[in-house]
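Trainee: Could we go through this model together before I set anything up?
Mentor: Gladly; here is the structure.

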Amino acid sequence: MKAIRRFSVRPVLPDPLGPLQELALNLRWSWHPESRELLRSVDPEGWRAAGRDPVRLLSNVTADRLTALAGRRSFLRQLRLAQEDLRDYLTGPRWYQQADDPRLPRAIAYFSPEFGITAALPQYSGGLGILAGDHLKAGSDLGVPLIGVGLLYRHGYFRQSLSPDGWQQEQYPVLDPYEMPLVELTGPDGNQVRVSLALPGGRTLYAQVWQVQVGRVPLLLLDSALAENAPAERDVTDRLYGGGSEHRLLQEMLLGIGGVRAVRAFCRITGHPEPEVFHMNEGHAGFLGPERIRELGEAARLPFDAALRAVRAGTVFTTHTPVPAGIDRFSEELVARHFGQGAELSGLDREQLLALGREPSGSAAPGGGTTAGEEPPSFNMAVLGLRTAQRANGVSTLHGGVSREMFAGLWPGFDPAEVPITSVTNGVHAPTWTDDAVLRARTGKLSDAALWDLRRALREQLVHEVRARVRTSWTQRGAGQAELGWVDDVLDPDVLTLGFARRVPAYKRLTLMLRDPGRLRALLLHPERPVQLVVAGKAHPADEGGKRLIQELVRFADDPGVRHRIVFLPDYGMAMALPLYAGCDVWLNNPLRPLEACGTSGMKAALNGCLNLSVRDGWWDEWYGPDFGWEIPTADGPAAADPARRDAVEATALYTLLEEQVAPCFYERGPDGGRLPRRWLEMVRATMERLGPMVTAERMLRTYVEELYAPAAAAHRAHGPQAARELAGYAARLRREWPRVAVDHVGTGPEPAALGGRLSLRVRVALGDLEPEAVRVQAAGGRVDGDDRLTDPVTVDLEPAGGPDISGRWTYEGKLALDRAGPFGWTVRILPAHPLLVSDAELGLVAQPEEAVTETPGVLFR
Ligand SMILES: *Cc1c(COP(=O)(O)O)cnc(C)c1O
């Protein structure tokens, strides 16, 4: 019989066991081994069956067992200690409180479409979500007052299995919020909190707010599966990244607009301070900007432009990908239909709203291809994010540079180096991503022999995990137990183990290792120095190409000749990830550079003493060192332009590295009894001790606080309604006058030919009706390339000299230092000047002479 309704009966715990509820519902257990151990001890047998999920464990445990525990004094004592420890953790001062810096924001709202905190809350698909989870956890540890905001997907992301012929199968198990570590946000009247959005055609989208407690950090998740919604609206939060354009737009409206409303309700109810900074993890939450523009319009009567200035001041945007498919784009027609009269944000001017997300014309970069006949989807969520945030960043040094190039079209007239996008390199939450055995061992104190034994124990733990998973997978693929004897010999705890696990978009090149199957076979079956490979990864359900790659890999791994040395494990996720990272010796990463914005799995591997073997992309480009692993060279020259040749060149380099460097280093044994690979252990130690501290989310979050959150909070406070109005007025006046702003004439003193000399400049400029204080006249000079472009200019502000001449023009003077030898070029330009602007490029206005307007013959301008 199939049930027509389901609901969950929450366990009633005997009074003395009450604190278990508190421990299970606060996700700190997911990175606190002591809490986890206590929860496990409630029912050690049931722990695995419950998928290591304390909420599930407590609802499965028998009443007899609970009664027995309630009478056991040693257990109650441990429980009391654990509860006290949690409360200390939640209330004591931490780094942020100790900093005691009045500039720091009272609260930060952090919006993300997915959060990966634990396998028990499967609300993530990959790196972006796990990064968001790590951000909240590090925030909790550091005492940063974050409020997380996301959606609760009733199916989460799919579970992956394989068909007999190796084709990816997707399952979407229904998630019951009452069986997850969630509590309803309720008002003072005890009723569930609802937010609502107005949809076209008089429809309304309602959502309930759930609260997850991530240590000290609350995470609010919006859920549209409500009886008062029509069926279509009920499904808005059905699954992560599901459905077509309209479905995605509704999800993103709910996240951005509904998310702000949920934060407001949460702060009102709990007394939590209101956020002074809003941080968007990628563009999906972009509509939080327009929603706050609406709020300011209603509360402070701020017109659109002024409200935009105020909103931008307190907003941070993080871009995560240079791959167009990773950025959401909608047709303007679709967006227009959902905003304005009779829909959401009806008080805002629809054209102004559309303009915020419009891709700059002629910009090739942020876009992708379009299907013939469709209106090009030119409303770009990353563009919306960049236009509504005064501060923006990429996620590694390399990616910061790539993003400045990619989005340079939004700041015409400025060099990519001046595009106001900085970078903060991602990090991973060390307590989550370090194996308990490594945490316990305090590896700095271990002898080489003990370190090698620890590494072997981790590898062996992985081998057992892999065998269990291979068995399950083959059973699902239809094999009987009698056929599966070989599984007990899959992998060898003494063989060099390589890992490769990630989502399967084309740029990550899952099958690069299969480029020359014979050579891979030889590596796997080498008589003295074999390698073994553990591979995992999910393809997006709509990505047929990705599924073909998985199938190709599975077919290779199915071959009885190699299946003891290479495995594909279905259903890559957080439950599998940690033993995999910790148990591998080498973590392989071979994306098409520079498309991996950062990458984080290699960082998690490093925390556990696994070495990296990677293309110099993302984080590995800045932190690669010969003590931490190996770099796979990137093809250059003509081979770089031809994808097939590029793959061939890079795959060859990979095989050669494995054959000639990685495997010999692992199997080399020292003279002292011949048990230890000295160089390998040196690298393991260097990776854990020197690389480990750099790759942490704690380092990342401190950087966000110091370089982005604190300045954004200061800007937010400085942009009160009066100041925002004034700044908007200034920007409008500047735009009006700008066509009349020009560098008219430039005179120079004698050109000094020697290093250390100074070039005198005298410049005449037209400013229209602007006063000199409204602008900055700047000279820039430095080395020039073959096209006369200044490559790394030094700038100096010129000073006004006297009043306007009879034609109303102003004179500016200054000196430019010749601080380097070789070809030298210089130019002069006029920029906006206002104390509330963060970057010269912010208003997108610059006036620069096109050609020589100088009285010294022979000096050219660019
Ligand atoms: C860390 C992690 C990722 C992201 O890894 P990348 O190196 O950024 O591809 C994806 N999935 C899981 C389960 C992870 O733990």
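**Overall fold and ring contacts**

Mentor: Residues 24 or more positions apart account for 72% of the contacts in the protein with a separation of 6 or more, a contact being heavy atoms within 4.5 Å. This is a predicted model, in which local features need pLDDT of at least 70 and side-chain atom pairs count only at pLDDT 80 or more, while totals for chains, interfaces and linings use all residues. Residues are numbered from 1 along each chain as its sequence is written, and side-chain values use heavy atoms, with hydrogens and water left out.

Trainee: What radius of gyration does the protein have?
Mentor: The protein has 30 Å, which agrees with the value near 29 Å that a compact globule of 862 residues would have; the radius is taken over C-alpha atoms, and the globule rule is 2.2 Å times the number of residues to the power 0.38.

Trainee: And how much of the protein is buried?
Mentor: Buried residues make up 56% of the 862 residues, where buried means under 20% relative accessible area, exposed over 50%, and partly exposed in between, with a 1.4 Å probe and protein chains only.

Trainee: Switching to rings, how many aromatic pairs does a search of the whole structure find?
Mentor: The search finds 18 aromatic pairs. Rings of Phe, Tyr and Trp (its six-membered ring) pair if their centres lie within 6.5 Å, and planes under 30 degrees apart count as stacked, over 60 as edge-to-face and the rest as tilted. One of the pairs is Trp 474 with Trp 486, which is edge-to-face at 5.9 Å centre to centre, with 85 degrees between the planes.

Trainee: Which parts does that pair tie together?
Mentor: Trp 474 lies in helix α19 (residues 448–476) and Trp 486 in the loop between α19 and β15 (496–501), so the pair ties together parts that are 12 residues apart in sequence. Helices (H or I, at least four residues) and strands (E, at least two) are DSSP runs, numbered from the N terminus.

Trainee: Is Trp 486 buried or exposed, and what lies over its face?
Mentor: Trp 486 counts as buried, at 18% relative accessibility, and Arg 563 lies over its face at 3.9 Å from the ring centre. A charge sits over a ring if NZ of Lys or CZ of Arg is within 6 Å of the ring centre and within 35 degrees of the ring normal.

Trainee: Which rings link into a cluster?
Mentor: Ring pairs link Trp 452, Trp 630, Phe 666, Tyr 667 and Trp 680 into a cluster.
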